[in-house]
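The following exercises concern a single structure and are to be worked with the sequence and the coordinates at hand. Each task is followed by a solution in steps.

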Number of protein chains: 2
Amino acid sequence: MIEMELSKIVITETSEYQVIWLREKGGQRTFPILIGIVEAAAIDRKVRDLQSPRPLTHDLLTSVITSLGAKLDRIVVCSLQNNTFYAKLVVQHNGSTVEVDSRPSDAVAIAVRLDAPIFVEEEVLQHVSSRANNEDTEV
Amino acid sequence: MIEMELSKIVITETSEYQVIWLREKGGQRTFPILIGIVEAAAIDRKVRDLQSPRPLTHDLLTSVITSLGAKLDRIVVCSLQNNTFYAKLVVQHNGSTVEVDSRPSDAVAIAVRLDAPIFVEEEVLQHVSSRANNEDTEV
């Protein structure tokens, strides 16, 4: 598994899909994931440290994890099937490891809230990555 | 606390806010809550038993609760301040009770997925309720 970082969020309000870019931490490989506007806004809000007066859905997700005494160990983009990425939350809880299937968008929205690392399986990264250029550094 | 049931979902795609109606279980009092389109769609999808090919955010919330061995005991619409409803999830976990603040919309979306009862504090209900008529039975 390769550790990644969120390197860019591209929100185009007229588009059905938004884009987040993950880039290899300390490396050059990068790839985009198309996500929905709600999840993109949830990620963007946290990255820009904007507060909401009420807990929005991803804030609630974060609260549930912490209130139940669990710790988000990492998220993993674990496969790509028919151009769709699949991910999982890896959670430490009561001394054991629990994995929960998630869309990458939800997983990243939670990871940025809980300062959890973002990983991608090497074979997924090999399949989709291109080389980062200087534009991919906007987060 | 008064047990309620979800009696109607009104989705108007041209509107910024959607409406869910809660009605006193076995009673006549009812009131509306304005919610966002994403949460309304999440509730509607479950009520109509529509499957999504991937876990959407409220499905993920449900998975997190169950994967961590917790049980959603109930949700409670617990206060109304400045025309805004506040709610909480009441979760049983490791032999104790955990409460998590939530918007009512997220709470209802989770309650319908986990077959958990929906309660409202009596003083909130007294403040906002009207009498149900026969139109309020569409769920």
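## Exercise 1: The helix α2(A) and its end

In this predicted model, A:Gly69 follows α2(A) and has a positive phi, near 75 degrees.

**Task.** Determine how many of the eleven residues of α2(A) are buried, and which they are.

**Solution.** 
1. A residue is taken as buried if 20 or more other C-beta atoms lie within 10 Å of its own.
2. Eight of the eleven residues of α2(A) are buried, and the helix is thus mostly covered.
3. The buried residues of α2(A) are A:Thr57, A:His58, A:Asp59, A:Leu60, A:Leu61, A:Thr62, A:Val64 and A:Ile65.

## Exercise 2: The packing of α2 and α3 in each chain

**Task.** At roughly what angle do the axes of α2(A) and α3(A) cross, and is the crossing left-handed or right-handed?

**Solution.** 
1. In chain A, the axes of α2(A) and α3(A) come within 10 Å and cross at roughly 60 degrees.
2. Because of that angle, α2(A) is oblique to α3(A).
3. The sense of the crossing of α2(A) and α3(A) is right-handed.
4. On the side of α2(A), the contact is made by A:His58, A:Leu61 and A:Thr62, and on the side of α3(A) by A:Ala109, A:Ile110, A:Arg113 and A:Leu114.
5. Sorted by class, the contact of α2(A) with α3(A) comprises four nonpolar, two polar and one charged residues.
6. In chain B, the axes of helix α2 (residues 57–67) and helix α3 (residues 104–114) come within 10 Å, crossing at roughly 60 degrees.
7. It follows that α2(B) is oblique to α3(B).
8. The crossing in which α2(B) passes α3(B) is right-handed.
9. B:His58, B:Leu61 and B:Thr62 of α2(B) meet B:Ala109, B:Ile110, B:Arg113 and B:Leu114 of α3(B) in this contact.
10. Four nonpolar, two polar and one charged residues make up the contact of α2(B) with α3(B).

## Exercise 3: The contact between the chains

**Task.** State how many residues each chain brings to the contact, and identify what gives the most to the side of chain A that touches chain B.

**Solution.** 
1. Chain A contributes 19 residues to the contact, and chain B contributes 19 residues.
2. On the side of chain A that touches chain B, α2 (57–67) and β6 (96–102) of chain A each supply at least two residues.
3. The most is given by α2(A), with seven residues.
4. The residues on this side of chain A divide by class into ten nonpolar, five polar and four charged.

## Exercise 4: Loop residues

**Task.** Locate A:Asn83, A:Asn94 and B:Thr12, and decide for A:Asn83 whether it is buried or exposed.

**Solution.** 
1. A:Asn83 belongs to the loop between β4 (71–81) and β5 (84–93) of chain A, and its phi is positive, about 65 degrees, although A:Asn83 is not a glycine.
2. A:Asn83 counts as exposed because it has 7 C-beta neighbours inside 10 Å, and the cut-off for exposed is 12 or fewer.
3. A:Asn94 is placed in the loop between β5 and β6 of chain A, and has a positive phi near 50 degrees without being a glycine.
4. A:Asn94 has 12 C-beta neighbours inside 10 Å and therefore counts as exposed.
5. B:Thr12 lies in the loop between β1 (2–10) and β2 (18–24) of chain B.
6. Because B:Thr12 has 11 C-beta neighbours inside 10 Å, B:Thr12 counts as exposed.
7. B:Thr12 and B:Thr30 are 18 residues apart along the chain, and their C-alpha atoms are separated by 20 Å.

Notes: Residues numbered from 1 in each chain as written. Chains lettered and ligands numbered in written order. Predicted model: local features only at pLDDT ≥ 70, side-chain atom pairs only at ≥ 80, totals over all residues. Contact = placed C-beta atoms within 7 Å. Helix = DSSP H or I, 4+ residues; strand = E, 2+ residues; numbered from the N terminus. Nonpolar A, V, L, I, M, F, W, Y, C, P; charged D, E, K, R; others polar. Axes fitted to C-alpha atoms, helices over the stretch in contact; angles between N-to-C directions. Parallel < 35°, antiparallel > 145°, perpendicular 65-115°, else oblique. Left-handed = near helix turned anticlockwise from the far one by under 90°.
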